Amino acid sequence: MQKPSACVSTILATLGLLLSACGQNKAGNNPGNSIAIGVALAQTSNIALIGQEQVAGAKIAEEYFNQQGGINGKQIKLVFQDAGGDETGAINAFKTLINKNKVVGIVGPTTSQQGFSAHPVADRAKVPAIAPSTIAKGIPEIGDFIARVSPGPDLVVPKSVKTALELNPKIKKVAVFYAQDQEAMVYETQVFQKTLKQLGLDIVTVQKFQTTDTDFQAQATTALNLKPDLAIISGLPTDGGNLVRQLRELGYQGAIVGGNGFSTSNVFPVCKNFCDGILVAQYYSPNQSSEINQSFAATYRQKFQKEPPQFSAQTFTAVQVFVEALKAVDKQSDITKLPLEKLRTELNKQILAGKYKTPLGEIAFTPAGDVIQKEFSVAQIKMDGNGNNGKFAFVK
């Protein structure tokens, strides 16, 4: 093979310099004056009904904060990777964002199950990750670079059960159902059961299922034979919604409390009219009066012609935390000139040190990275006449 001529070598060398000058900046793998923030959420799989709402919240945040001037004049660029529905998908998404896309930090993943596998990847690489919806115990403690904007169920579960009792003081017997293949649901049902015992209610049965299940006849029949007044379900939208439908079809007329997986309007098409009346504790309310929530809620309504859901608001908030923390770091040192490794470390410190006025209310973080949030709500699902659409009516 002939060596290239001196002329050709010079041209190639010059081209290499030009490409290098136009390539990565130190604050992420994006040309120009933008800062890359990774987003690793479930866009496909059985948890995509949650992930799709999260993606919507992230995109609204990207548009909103860039219109507000970005990072002191530097635009943010969200880089999306599909985390799928399992641990492998989340791990691969995190690795791609860290090693290929060179992001400053990551919003994600969608589930706690994924978080226990993917968050260690971020922590080892010293890349800050903010989980928008992981509620299982132990998520923030995974490492110094892991935080979340969704508290555990301890703060909201008692509210939903107490609201059910206020609406029907005659409730005595409770059937509990939970998805045993999701760490978040396992922890959530433990909190539900502890709350029920503290309130003096009788747990007549505890039924397990998988989030991939579609047939719940055996669990439902066993529970209904014990004549419960209240059913509590910890599951994802598809499995949880189908369980509700089958309980109602078998004749159950009592109250239903859904866990965090019911905090999405995407459950409405699953159980349709049978969704009506379900109580769900919420980490977010569209009625929250802050200016930023009103802007977020108005944008969401305009884009989707429905009320903004919790998972969208939480993901918007995760992006907001990154943006405001980056602004603080940039005021100390130009973040486009900081080596990426140093920027990630300084960003992580600032995330934990800051206080943020968000659609969720005012939040901050513990030294371990768990969110400090004070405002919570309880909503009841109200379906329309045709059973295709509904809304969360906030009762408390």
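About 60 Å³ of space sits in the second largest cavity. On a 1 Å grid over the protein atoms alone, a cavity is a set of points where a 1.4 Å probe fits but cannot get out, while a pocket is an open set with protein on both sides within 12 Å along at least five of seven lines; lining residues have an atom within 4 Å of a point. Grid points are joined across faces, edges and corners, and a volume is the space filled by probe spheres set on the points.

This is a predicted model, where local features need pLDDT of at least 70 and side-chain atom pairs count only at pLDDT 80 or more, while totals for chains, interfaces and linings use all residues. Residues are numbered from 1 along each chain as its sequence is written, and side-chain values use heavy atoms, with hydrogens and water left out.

Helix 5 (157-167) and helix 6 (183-198) are the elements that give two or more residues here; helices (H or I, at least four residues) and strands (E, at least two) are DSSP runs, numbered from the N terminus. The lining splits into six nonpolar, four polar and one charged.

## The largest cavity

The count comes to two cavities of 30 Å³ or more. The largest has a volume of about 110 Å³, and of its 14 lining residues, Ile-50, Thr-110, Ser-133, Met-185 and Leu-236 are the closest to its centre. Its lining holds six nonpolar and eight polar residues, and no charged ones.

## Pockets

On to the open spaces. The largest pocket comes in at about 300 Å³. Its lining has 19 residues, with Ser-265, Phe-268, Lys-306, Gly-390 and Lys-391 nearest the centre. Helix 9 (268-271) and strand 15 (390-394) each supply at least two of the lining residues, and strand 15 gives the most, with four. By type, the lining is eight nonpolar, eight polar and three charged.

The second largest pocket has a volume of about 150 Å³. Tyr-64, Phe-65, Gln-68, Glu-291, Ile-292, Glu-324 and Lys-327 line it, with helix 2 (48-67), helix 10 (291-304) and helix 11 (310-332) as the elements giving two or more residues. That makes three nonpolar, one polar and three charged.

Strand 12 (residues 361-365) is joined to strand 13 by two bridges, and Ala-364 has Ile-372 in strand 13 as its bridge partner.

## Salt bridges

The structure holds eight salt bridges, each a side-chain nitrogen of Lys or Arg within 4 Å of a carboxyl oxygen of Asp or Glu. One of them pairs Asp-334 with Lys-74, the closest N and O atoms being 3.9 Å apart. This pair links distant parts of the chain, 260 residues apart: Asp-334 is in the loop between helix 11 and helix 12 (340-353), and Lys-74 in the loop between helix 2 and strand 2 (75-82).

Notes: Ala, Val, Leu, Ile, Met, Phe, Trp, Tyr, Cys and Pro count as nonpolar, Asp, Glu, Lys and Arg as charged, and the others, Gly among them, as polar. Two strands pair if DSSP finds at least two bridges between them.
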